[in-house]
Amino acid sequence: PDSDESPKNELNGKTSPNRVSSNTLRMLKSAVDDISPEGDGWAPLGRLKETILARRPDFDTRSYGFRKFSSFFRAHPDSFELTIASDKTTVYIRVNNRERIAQGLNGTHGGGGN
């Protein structure tokens with residue numbers, strides 16, 4: 001998508017994601033920070049998905065209109081950043097840097113490779 005355009009909801013074509021509660025966002029951010037190796041903030045998407053589903057088995061990105069976890073996180077750029085590793089297959093996610101600074105978390109770029 002163009003940089004000025006929000007990612008479209010995959011299931012219903014809306015330009016903005018369905019509302020995610022603040023409790024759910026807190027749980028997602030906590031999961032990202034809990035599993036980031038060496039505390040660098042970057043969490044591998046596959047492991048993140050497993051962690052989220054272990055904490056909240058009822059969490060389903062399709063409830064928010066997205067088939068894929070990566071699309072769900074891309075649709076929330078104010079909360080999360082994504083990058084793809086040099087292997088071109090592993091996706092890493094972290095809490096958005098502005099929020100990390102506000103929370104006093106380490107803002108270095110880690111294993112995500114950009």
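Buried means under 20% relative accessible area, exposed means over 50%, and partly exposed lies in between (1.4 Å probe, protein chains only). This model is predicted, so local features need pLDDT of at least 70 and side-chain atom pairs count only at pLDDT 80 or more, while totals for chains, interfaces and linings use all residues. Residues are numbered from 1 along each chain as its sequence is written, and side-chain values use heavy atoms, with hydrogens and water left out.

**Figure 1. The chain has 4 helices and 3 strands.**
Helices (H or I, at least four residues) and strands (E, at least two) are DSSP runs, numbered from the N terminus. Read from the N terminus, the elements follow the order α-β-α-α-β-β-α. The chain holds 114 residues, and 39% of them count as buried. Contact means heavy atoms within 4.5 Å. Among contacts between residues at least 6 apart in sequence, 54% join residues at least 24 apart.

**Figure 2. Three strands make an open, antiparallel sheet.**
The strand order is β1-β3-β2. β1 (43-44) and β2 (80-84) are the edge strands. Each has a single partner strand, so one side of each lacks a neighbour in the sheet. Two strands pair if DSSP finds at least two bridges between them. Strands of a sheet pair through backbone hydrogen bonds, either parallel or antiparallel. Here, β1 pairs with β3 (residues 91-95) in the antiparallel sense over 2 bridges. In that pairing, proline 44 stands opposite tyrosine 92 of β3. β2 and β3 also run antiparallel, joined by 5 bridges. Isoleucine 84 stands opposite valine 91 of β3. How many residues of β3 are buried? The count is 5 of the 5, so β3 is largely enclosed by the rest of the structure.

Is lysine 88 buried or exposed? Lysine 88 counts as exposed, at 68% relative accessibility.

The expected span of a helix is 1.5 Å times one less than its number of residues. For the 14 residues of α1 that gives 20 Å, and the end C-alpha atoms are 20 Å apart, which agrees. Buried residues of α1 include Thr24, Leu25, Met27 and Leu28. Lys29, Ala31, Val32 and Ile35 of α1 are buried too.

**Figure 3. The largest nonpolar core has 22 residues.**
A nonpolar core is a set of buried Ala, Val, Leu, Ile, Met, Phe, Trp, Tyr and Cys residues joined through side-chain atoms within 4.5 Å. Residues with the most contacts inside this core are Leu28, Leu48, Ile52, Phe59, Phe72, Phe73 and Ile93. At least two core residues come from each of α1, α2 (45-55), α3 (69-74) and β3. Which element gives the largest share of this core? α1 does, with 6 residues. In soluble globular proteins, nonpolar side chains tend to be buried together.

**Figure 4. The surroundings of isoleucine 93.**
Residues up to four places away in sequence are not counted here. Isoleucine 93 touches Val32, Gly41, Trp42, Ala43, Leu45 and Leu48, among others. Phe73, Phe80, Glu81 and Leu82 are also among the residues it touches.

**Figure 5. Salt bridges of the chain come to 4.**
A salt bridge is a side-chain nitrogen of Lys or Arg within 4 Å of a carboxyl oxygen of Asp or Glu. One of them joins aspartate 58 and arginine 56, with the closest N and O atoms 3.3 Å apart. Aspartate 58 is exposed, at 59% relative accessible area, and arginine 56 is partly exposed, at 25%. Aspartate 60 meets arginine 62 at 2.7 Å, N to O. Aspartate 60 counts as partly exposed, at 24% relative accessibility, whereas arginine 62 is exposed, at 52%.

**Figure 6. A salt bridge joins glutamate 81 and arginine 94.**
The N to O distance is 3.4 Å. This pair links distant parts of the chain: glutamate 81 belongs to β2 and arginine 94 to β3, 13 residues apart. Glutamate 81 is partly exposed, with a relative accessible area of 22%. Arginine 94 is buried, with a relative accessible area of 5%.
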